[in-house]
Amino acid sequence: MEASFGPTFSSSAAKAESSTTYKQHRRTPSSSSTLTYSPRDDDDGMPPIGTPRRSDSAISIRSLHSESNMSLRSTFSLHEEEEDAEPQVFAEPPSVKLCCQLCCSVFKDPVITTCLTLARACLLPDKCPVDAAKLTVVVNNIAVAEQIGELFIHCKYGCRVASGSPGAYEVDPLGCPFTIKLSCRKEHEANCDYRPVRCPNNPSCPPLLTMNLEAHLKECEHIKCPHSKYGCTFIGNQDTYETHLEVCKFEGLKEFLQQTDDRFHEMQLALSQKDQDIAFLRSMLGKLSEKLDQLEKNLELKFDMLDENQSKLSEDLMEFRRDASMLNDELSHINARLNMGILGSYDPQQIFKCKGTFVGHQGPVWCLCVYSTGDLLFSGSSDKTIKVWDTCTTYKCQKTLEGHDGIVLALCIQGNKLYSGSADCTIIVWDIQTLQKVNTIRAHDNPVCTLVSSHNMLFSGSLKAIKVWDIVGTELKLKKELTGLNHWVRALVASQNHLYSGSYQTIKVYVFFLFAAHNLSIVASVNLIHIVWDIESKEQVRTLTGHVGTVYALAVISTPDQTKVFSASYDRSLRVWSMDNMICTQTLLRHQGSVTALAVSRGRLFSGAVDSTVKDVWTCSSLRSKHS
């Protein structure tokens, strides 16, 4: 709302009443019956007092009892120790424009606000009582304040409490007869002859008026010797006082006593100065202590940073040594193969390179899944989202799928449906065409770690359990639960009529439709080893060594001429293995964290890692993806 500056007041009219600000008027005897004012509506078009108007912008919030220069106090400060309200008996009823529309009192410190003015001569309300708009002071209304200062009132020492009207005042015919301008009130009342005073000699003397004080002092019987503070006990009237001074033993020592007082006063000043110096020194000591504490904290922080940097350097050195050891082992392995004559010829088409990086997740990437029909890549992360990447044209994130309340741990595609498993123990079904969520299933009592589909069935792995679901449209119907596993089911592979599950040191093989577990095959749990098995005989064929950390994921790319196996590890590397001679042909070090997930499509390999990125590793187009 815009500021409303209220009606226009003519200060010249008020000034015309008197040529001087300090002019006083003696009231006539007929004025003795004047009571506290009642505002009169003497202006045309003025609404009743009870109706607030936006044109009135003077709001009373404090007393206008100022000095002759009419200095206005702060419009917002209301001191608790403010003096009690003084009586105001106006010589003539003030204009209604100078009165509050709520309490009908003359404004005190009038101001202009951003809203309708109202109201009270005591406090500024927080909100307008008409439209509840917030009130904000714009500026002091000096024009109205000057007009109010020109109003004539009776001296407060010429007023008394009206009989039968508590809180109201009337003119006291025995009091001060003067009427003065409101702006000059303080000056007059400070020197008014009718101002009550106390006898300076003895508070027990009866109350006096200022005009009677001089006569009282001449007759007062309680005048003390000026040397009473030194021990003189004289008390008398004016006549005996003068006689006493002639014989007072302290009068002769007056100069000495005065010098003693002066010296004592100087000592007090010096002591006060010393106290101030001590306080200053204590303040400086406190500041120095604070600076010392801050320096100690900064020093401790720097030591902590130094320790942290030293620890980081130690970790980097250990990592460097580990990488160097891995490279030495690989070189030794290659040399041994060369000496055995089984490495084979170099084929530049077998070199895999990193084509690009997909960046967007806010946490580690735990799973990947490829929808080859639409060249889409799905990635699940600790940030509870699934991102959909275009791997053919724009290479950008097409959409972020949100719906899980926990880390996304597993992804699987069946037909045109995407299935996601999460630490929130649910499986969500997504329509790939619309990229919308179509169903949510409470699948397990624990996080869903892995998903795989085959024969129109979905298999989900969790803690010591595998559940088999029939896929019916967007619904999942629980068909069977496989138990008896020894730990978390970390991996599931469906191939032909068999389901393979991987958990701690164990691979179990299930036959579709029977779901009967074959004999257990024990897998070594050493980080550096992954083992090649013969599916038909269930026998171990070869142990492949090279990684220096846990192997998290495997993927296969196959052509009629060759088969490549990719392994992802905690050591941040990807290794390429040739299944022709069971050796590592390439090590890829492009991630800044552990490599946790792999996916293949049309001869391309995608890797996800704890560094929150997905890498696109590619080779020649003649290679094709082999589903495993």
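Colleague: Where is the place of Arg572?

Modeller: This is a predicted model, in which local features need pLDDT of at least 70 and side-chain atom pairs count only at pLDDT 80 or more, while totals for chains, interfaces and linings use all residues. Residues are numbered from 1 along each chain as its sequence is written, and side-chain values use heavy atoms, with hydrogens and water left out. Strands (E, at least two residues) and helices (H or I, at least four residues) are DSSP runs, numbered from the N terminus. Arg572 has its place in the loop between β32 (563-569) and β33 (574-578).

Colleague: Is Arg572 buried, partly exposed or exposed?

Modeller: Buried means under 20% relative accessible area, exposed means over 50%, and partly exposed lies in between, with a 1.4 Å probe and protein chains only. Because its relative accessibility is 22%, Arg572 counts as partly exposed.

Colleague: What value does phi of Lys464 take?

Modeller: Lys464 is found in the loop between β22 (457-462) and β23 (465-472), and it is partly exposed, with a relative accessible area of 44%. Its phi is positive, in a residue other than glycine, and the value is near 60°.

Colleague: Which side chain is joined to that of Ser453 by a polar contact of 2.9 Å?

Modeller: Ser453 lies in strand β21 (residues 450-454) and counts as buried because its relative accessibility is 16%. A polar contact is a pair of N or O atoms within 3.5 Å; within protein, one must be able to donate a hydrogen and the other to accept it, and residues adjacent in sequence count only if both atoms are side-chain atoms. A polar atom of the Ser453 side chain lies 3.3 Å from the backbone oxygen of Ile413. The side chain joined to Ser453 at 2.9 Å is that of Gln414.

Colleague: Which residue in β16 does Val388 stand opposite?

Modeller: Strand β15 (residues 385-390) and β16 run antiparallel and are joined by 5 bridges. Opposite Val388, the residue in β16 is Lys399.

Technical notes
Pairing = 2+ DSSP bridges.
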